[in-house]
Amino acid sequence: QLQLVESGGGLVQSGGSLRLSCAVSGRTLPYYYIGWFRQAPGKEREGVSCISGSDGSTYYADSVKGRFSISRDSAKNTVYLQMNSLKPEDTAVYYCAAVQRIFMYQSICRDLRDGFDSWGQGTQVTVSS
């Protein structure tokens, strides 16, 4: 399994920006995918965005399209989530997660489905109105 450590959360006003980082360590299989998920109090966990480690394809939930951007720095083994135009409803604990296989498994990333194998500890994002 991969080890994941998130950072970059905090308190920001509505309309502001934050960048989350997910440091990834461990041995990767040919196909690996890094996703960002979030969970607000009293709500179910929601998939936010995902990036394919093998080809760099990116995917987003409708609720964040046009506002959030996922990227990776392969040299630093880090995945970023740039969050712009933040809204109070973006308030949640954000987790990065990883799944990897010896075969292509793009659908889990594209659809932001359950089934990710490794999870970080989470970082709190609070957007004030």
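**Exercise 1. How many of the seven residues of strand S5 (residues 46-52) are buried?**

Solution. Start with the strand itself. Keep in mind that we are looking at a predicted model. Strand S5 is mostly covered, with six of its seven residues buried. Buried here stands for a relative accessible area under 20%.

Now look at the partners of S5. Strand S4 (residues 31-39) runs antiparallel to S5, and six bridges join the two. To find one of these spots, go to Ile-34, whose bridge partner in S5 is Ile-51. S5 is also joined to S6, again antiparallel, by three bridges.

**Exercise 2. Which glycines take a positive phi in the hairpin of S4 and S5 and in the hairpin of S5 and S6?**

Solution. Take the hairpins one by one. Between S4 and S5 there are six residues, and Gly-42 has a positive phi near 75°. Between S5 and S6 there are five residues, and Gly-56 has a positive phi near 80°.

**Exercise 3. In what order do the four strands of the open sheet lie?**

Solution. First, the order: it is S1-S3-S8-S7, with antiparallel pairing. Next, the edges: strand S1 (3-7) and strand S7 (68-73) each pair on one side only. From one strand to the next, the twist averages 20°.

Then walk across the sheet. S1 and S3 are joined by five bridges, and Glu-6 has Cys-22 in S3 as its bridge partner. Moving on, strand S3 (residues 18-25) pairs with strand S8 (residues 78-83) over six bridges, in the antiparallel sense. At one point there, Ala-23 stands opposite Thr-78 in S8.

**Exercise 4. Which residues of S1 are on its covered face, and which on its uncovered one?**

Solution. Begin with the general idea. In a regular strand, side chains alternate between the two faces of the sheet. Now check S1: Leu-4 and Glu-6 make up the covered face, while Gln-3, Val-5 and Ser-7 make up the uncovered one.

**Exercise 5. Where is Asp-62, and is Asp-62 buried or exposed?**

Solution. Asp-62 sits in the loop between strand S6 (58-60) and S7. The cut-off for exposed is over 50% relative accessible area. Asp-62 has 66%, so Asp-62 is exposed. As for distance, the C-alpha atoms of Asp-62 and Ser-49 are 9.6 Å apart, and the two residues are 13 positions apart along the chain.

**Exercise 6. What do the salt bridges of Arg-45, Arg-67 and Arg-101 connect?**

Solution. The total count is seven salt bridges, and we'll work through three of them.

- Arg-45 meets Asp-114 at 3.6 Å, N to O. Arg-45 is in the loop between S4 and S5, and Asp-114 is in the loop between H1 and strand S10 (118-119), so the pair links parts of the chain 69 residues apart. Arg-45 is partly exposed at 41%, whereas Asp-114 is exposed at 60%.
- Arg-67 meets Asp-90 at 2.7 Å, N to O. Arg-67 lies in the loop between S6 and S7 and Asp-90 in the loop between S8 and S9, so this pair ties together parts 23 residues apart in sequence. Both partners count as buried: Arg-67 has 11% relative accessibility and Asp-90 has 1%.
- Asp-117 meets Arg-101 at 2.8 Å, N to O. Asp-117 is in the loop between H1 and S10 and Arg-101 is in strand S9, so the pair ties together parts 16 residues apart in sequence. Asp-117 is partly exposed at 31%, and Arg-101 is partly exposed at 22%.

**Exercise 7. Which residues form a nonpolar patch on the surface?**

Solution. The members are Leu-29, Ile-102 and Phe-103, with about 310 Å² of accessible area together. Phe-103 is found in the loop between strand S9 (92-101) and helix H1 (106-110). At 46% relative accessibility, Phe-103 is partly exposed.

**Exercise 8. How many helices and strands are there in the protein, and what does the radius of gyration agree with?**

Solution. Count first: there are one helix and eleven strands. Along the sequence they give the pattern β-β-β-β-β-β-β-β-β-α-β-β. Then turn to size: a compact globule of 129 residues would have a radius of gyration near 14 Å, and the protein's 14 Å agrees with that. The C-alpha trace spans about 45 × 25 × 25 Å along its principal axes. Finally, buried residues make up 43% of the 129 residues.

Key:
Residues are numbered from 1 along each chain as its sequence is written. This is a predicted model: local features need pLDDT of at least 70, side-chain atom pairs count only at pLDDT 80 or more; totals for chains, interfaces and linings use all residues. Side-chain values use heavy atoms; hydrogens and water are left out. Two strands pair if DSSP finds at least two bridges between them. Axes are lines fitted to C-alpha atoms, for helices over the stretch in contact, and angles run from 0 to 180 degrees between N-to-C directions. Patches are made of residues with over 30% relative accessible area and no salt bridge: like charges are joined within 9 Å, nonpolar side chains (Val, Leu, Ile, Met, Phe, Trp, Tyr) within 5 Å. Accessible areas come from the Shrake-Rupley method with a 1.4 Å probe; for residues, only the protein chains shown count as cover. A salt bridge is a side-chain nitrogen of Lys or Arg within 4 Å of a carboxyl oxygen of Asp or Glu. Buried means under 20% relative accessible area, exposed over 50%, partly exposed in between (1.4 Å probe, protein chains only). The radius of gyration is taken over C-alpha atoms; the globule rule is 2.2 Å times the number of residues to the power 0.38.
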